[in-house]
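Please open the model in a viewer and keep the selection tool at hand.

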Amino acid sequence: MHDLIVETTAGKLRGERHSDVVIWKGIPYAAPPVGALRFRPPEPPAPWSGVRDALRFASVAAQSRDPRIALMSGITDKVESGEDCLYLNVFAPAAPGPHPVMVWIHGGAFIMGSGSTPLYHGTPFAQHGIVTVTVNYRLGLPGLLYLGDLAPGHDAGNCFLLDQVAALRWVADNIAAFGGDPGQVTVMGESAGAISISMLLSMPAARGLFHRVILESGAPSLGPPTRADATEVSRWVLGELGVAADAVADVPIDRLLAAQERRGQTHGLGAYAPYIDGVTVPRLPIDAIRDGAAAGIPILLGTNRDEWNLFELFFGELTVEPFKPLVAGRLGPLTDHLVELYRDGHPDRSLLRAWVDLVGELVFRIPSIRLAEAQSVLAPVYMYRFDWRSPAFGGRLGAAHALELPFVWNRLDLPLAILLGPDIAPLQPLATAMHGTWCQFIRTGDPNGGGLPSWPRYDAERRATLLIDRDSHVADDPAGAARAAWPAVWPAGA
């Protein structure tokens, strides 16, 4: 049985037992990134004396409260938020360890979400013998603003990635006290969380801090922003705020968030993304992975069949518009050919539906396939496609982005279940099988035997992919004609 009081490198913590799971909430893994530490790499937390209660979730990262995403993110006006947000939570089996560890990096387009969202409470994994760690990290401009070429002393960018590295270092140094095995750490994330982890795979600072990876709807962009791009964003922000680069750390957070939202209104959900700064992210991540940066790390990854349906439904068709010049600029005449391929996949040959599919492929599926191709010669890779289509909203969601999450976490009972339709009881066998399969991979690096059908490893010849549905099965190279039309790499200079 766990002792509810554990000793970490910074001091003692008191947790709380709930049946067969012990939970510690709001653990600081870094110093508050405020004042002189804003836009700086994270510093170690200050130690404390005595026993610190870890009985309530801490503040989540400063972010907007868009009501359209409140249902999914669990972030409402009642949840405390701010820049003092570098905290994590631990959900551990009450039984003695050592147990394998899963570290969850939440999604949210790099501007929203938290590790304490109700869906991400780690009890279901802890009940399967897995110590689960959920992490908050800096979002939006506090986590992504790049000042390296504008203000002295700001050598590193992508501070949100450095936050995640700091959390993983905390796990390496402390998780044994919670019953976890620091030699069996799986990092798992969805959307922006998965993209973050794919960047960590290529980063020297993260090497050796994790041993397996699960990526849901996120992989290294094949054309991420450059240092120059990030600097241009910073110049725009400074112009909006009317301040010099060396004074932006003093701008009130509300003003910073307001500027962040104004840019989001014109650039959509792709307004903020990790970039290659030459320091934190030294080079194109997919190139580093191809060259062996993540050699030996098994990966389970995949995408959902109708990824962009979620954004088209909740944010309107204009969410496609910012991507059209991006796609055409990168792919040139190939763009028209791809649009026709995706139009052929719809009975009504809808141009809008073709663009919705194409953008989903650009952002999610094709980068995941390129990562799988690269890593499959260096370690076991298991590819899935989530095909279960929701009947909610008249069937318009389909197998949309994030729809797999309640199944993976085995939490069909949460408010998010409104996205699953009116009758969730028949879905429980699929949730049980998916959750069990993810747990099996976390424990062993191989998903087989966890509840879903036999799952072959992925390679660039067969391209075996598990199509997950009420009747899951393996298909070789699903949607292969469209997949084959995409270039192996983006054109030079794109």
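Is Asp387 buried or exposed? In this predicted model, Asp387 has a relative accessibility of 7% and therefore counts as buried, the limit being under 20%.

Arg305 is partly exposed, at 41% relative accessible area.

Further salt bridges may be displayed now; the whole structure contains 21. Select Glu232 and Arg235, whose closest N and O atoms are 3.5 Å apart. Both residues sit in helix H6 (residues 227-241), three residues apart, so about one helical turn separates them. Arg235 is partly exposed at 46%. Then select Arg411 and Asp413, a salt bridge with a closest N to O distance of 3.0 Å; Asp413 is exposed, at 55%.

Now select residues 351-375, helix H12, which spans 34 Å from first to last C-alpha. At its start, a side-chain oxygen of Ser350 comes within 3.4 Å of the backbone nitrogen of Leu352. Follow the helix to Glu361, where H12 bends by about 50°. Of its 25 residues, 22 are buried.

Finally, display the largest nonpolar core, which has 153 residues; among the members touching the most others are Trp24, Phe210 and Trp438. H12 supplies the largest share of this core, twelve residues.

Terms used. Residues are numbered from 1 along each chain as its sequence is written. This is a predicted model: local features need pLDDT of at least 70, side-chain atom pairs count only at pLDDT 80 or more; totals for chains, interfaces and linings use all residues. Side-chain values use heavy atoms; hydrogens and water are left out. Helices (H or I, at least four residues) and strands (E, at least two) are DSSP runs, numbered from the N terminus. The expected span of a helix is 1.5 Å times one less than its number of residues. The bend at a residue is the angle between axes fitted to the seven residues ending there and the seven starting there. Buried means under 20% relative accessible area, exposed over 50%, partly exposed in between (1.4 Å probe, protein chains only). A polar contact is a pair of N or O atoms within 3.5 Å; within protein, one must be able to donate a hydrogen and the other to accept it, and residues adjacent in sequence count only if both atoms are side-chain atoms. A nonpolar core is a set of buried Ala, Val, Leu, Ile, Met, Phe, Trp, Tyr and Cys residues joined through side-chain atoms within 4.5 Å. A salt bridge is a side-chain nitrogen of Lys or Arg within 4 Å of a carboxyl oxygen of Asp or Glu.
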